[in-house]
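Biologist: Could you walk me through this one? I'd like to hear what sits behind each label you use.

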Amino acid sequence: MAEDDKQSYIDYDAFLDPDFSPTAFANSLVIATNNPSDTPIDLSTPLSRVLFDIQEIDTHIHNLTTKSAIPLLTHTKDQADAGERIVADVEAQVASLIEGYQRLQKEVTQRYEEADEVRIAVQRLWETVRVGRSVARCLTLGRQLETEMAEVGESGGAAAEVKKGDHRAMVRASNTLLSIRKILAASGPDEEGEHLSQINLITYLQNSVLTPAETSLRNRAQQIIREFSMSSLAPASSAPATYTQSEETKSRTTSALLTLQILNPRLLLAAVQAYLRTSLTSSLASIARALGNLPTLDRTLLEVSARCQNIVALESLLGTIKPPQAASAEAGAKLEKEAGNLLEPLLAALDTSSLPSFFWRSLAEGLAPRVGDLVGKGGVNARALRSQKERVRDSIRECVLRGSQGPGHIKVGAGAWEREAAVMVGSVIGSLGR
């Protein structure tokens with residue numbers, strides 16, 4: 001073959017070059033067989049050259065295949081035989097793989113599918129058991145809540161007759177109610193209250209037990225706070241409260257305060273603020289009437305002192321009660337973290353240092369325009385008020401100092417309230433002039 005390549009005039013290297021271009025080769029043949037100045041271009045000569053080269057290459061290929069036919073056929077036969085042997089071996093391996101896959105599918109895949117079905121069934125059973133436990137716990141707590149509400153005296157039943165009006169049961173009922181609310185609030189994935197909102201029995205429990213119980217506890221606690229009274233300045237028609245009665249009042253009020261704090265700390269703030277507003281409104285109206293009718297002033301100021309004593313007693317009671325750990329974290333967590341007792345959040349909300357100070361200063365602020373109107377109208381009442389200015393001054397000062405001392409054993413130094421006394425005196429005497 002090497003000799004044939006040497007004898008051939010065809011430049012095989014040019015054709016085998018990777019950069020070979022047919023158009024460039026054709027162009028070189030045309031230029032080599034024609035004069036650039038010739039107008040008609042002769043293409044027959046370069047075409048004959050190409051055909052002759054093709055014929056030469058065909059002859060060369062024919063000679064090579066003729067001489068090497070037997071080696072080529074032998075090589076082809078050897079390759080075919082080797083391929084058949086490889087195919088036979090591969091088919092055996094493929095058959096073995098198919099058999100192994102079928103065995104694997106039977107022993108593993110089918111068993112996995114069956115096991116996965118069992119897993120899903122067990123998982124659903126577990127979810128059912130978990131929901132059932134949560135429902136059972138809610139129902140148990142609901143029954144406990146009904147019993148405790150009966151002890152409070154807000155529902156029928158034998159328990160109501162045994163422990164009717166037990167105010168301590170209010171705190172227990174509030175804690176039970178809060179426990180149920182926490183379960184229902186934990187409604188996230190994998191939490192105790194998940195799916196409970198879809199249970200009709202739980203919906204019935206909320207509507208028929210929880211909501212009425214919460215409303216009843218809130219109203220009962222607010223009523224106790226509204227009726228709170230421990231003043232030792234009793235009217236002439238009634239005797240002062242005994243020590244036992246005072247302790248019972250403190251205990252009942254403590255239960256009411258704790259109940260509102262557990263249900264929602266904001267309810268406690270609202271109830272105490274409402275108590276203060278009621279005392280302020282009543283005191284303001286009664287003092288304004290008494291200033292127009294001076295013979296009733298002493299009795300009116302005694303009643304105002306009694307209201308302030310109640311406020312002092314309430315402040316003292318709030319200062320001794322620590323926030324319960326079960327109080328609502330959602331509504332009052334910030335207050336609980338910062339406060340060591342129930343009084344501190346209230347003072348912060350009112351922006352004052354003490355409840356009696358808030359009472360007297362708020363009363364003085366509302367009293368000044370009332371006295372101004374009374375004096376501005378003139379008449380007998382205004383002249384009587386001016387003529388007895390000193391008596392009014394002393395009476396108001398004594399009212400502030402007397403009311404700020406607090407009932408029973410709750411005592412505060414008299415000098416601590418001179419500033420509030422001066423503010424109250426100024427609100428009345430300032431409008432009378434000199």
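Modeller: The protein chain has 17 helices and zero strands; helices (H or I, at least four residues) and strands (E, at least two) are DSSP runs, numbered from the N terminus. This is a predicted model, where local features need pLDDT of at least 70, side-chain atom pairs count only at pLDDT 80 or more, and totals for chains, interfaces and linings use all residues. Residues are numbered from 1 along each chain as its sequence is written, and side-chain values use heavy atoms, with hydrogens and water left out.

Biologist: What makes H9 oblique to H10?

Modeller: Helix H9 (residues 243–263) and helix H10 (residues 265–291) pack at an angle of about 135°, with axes 5 Å apart. Angles under 35 degrees count as roughly parallel, over 145 as roughly antiparallel, 65 to 115 as roughly perpendicular and the rest as oblique. So H9 is oblique to H10. The axes are lines fitted to C-alpha atoms, for helices over the stretch in contact, and angles run from 0 to 180 degrees between N-to-C directions.

Biologist: Which residues make that contact?

Modeller: Leu257, Leu260, Gln261 and Leu263 of H9 meet Pro265, Leu267, Leu268, Ala271 and Val272 of H10, contact meaning heavy atoms within 4.5 Å. They divide into eight nonpolar, one polar and no charged.

Biologist: Why is Cys399 called buried?

Modeller: Its relative accessible area is 1%, and buried means under 20%, exposed over 50%, partly exposed in between (1.4 Å probe, protein chains only). So Cys399 is buried. Cys138, at 0%, is buried too.

Biologist: What is phi for His195 and for Asp351?

Modeller: Phi is positive, about 75°, for His195, which is not a glycine. For Asp351, also a residue other than glycine, phi is positive and near 55°. Most residues other than glycine have a negative phi.

Notes. Nonpolar A, V, L, I, M, F, W, Y, C, P; charged D, E, K, R; others polar.
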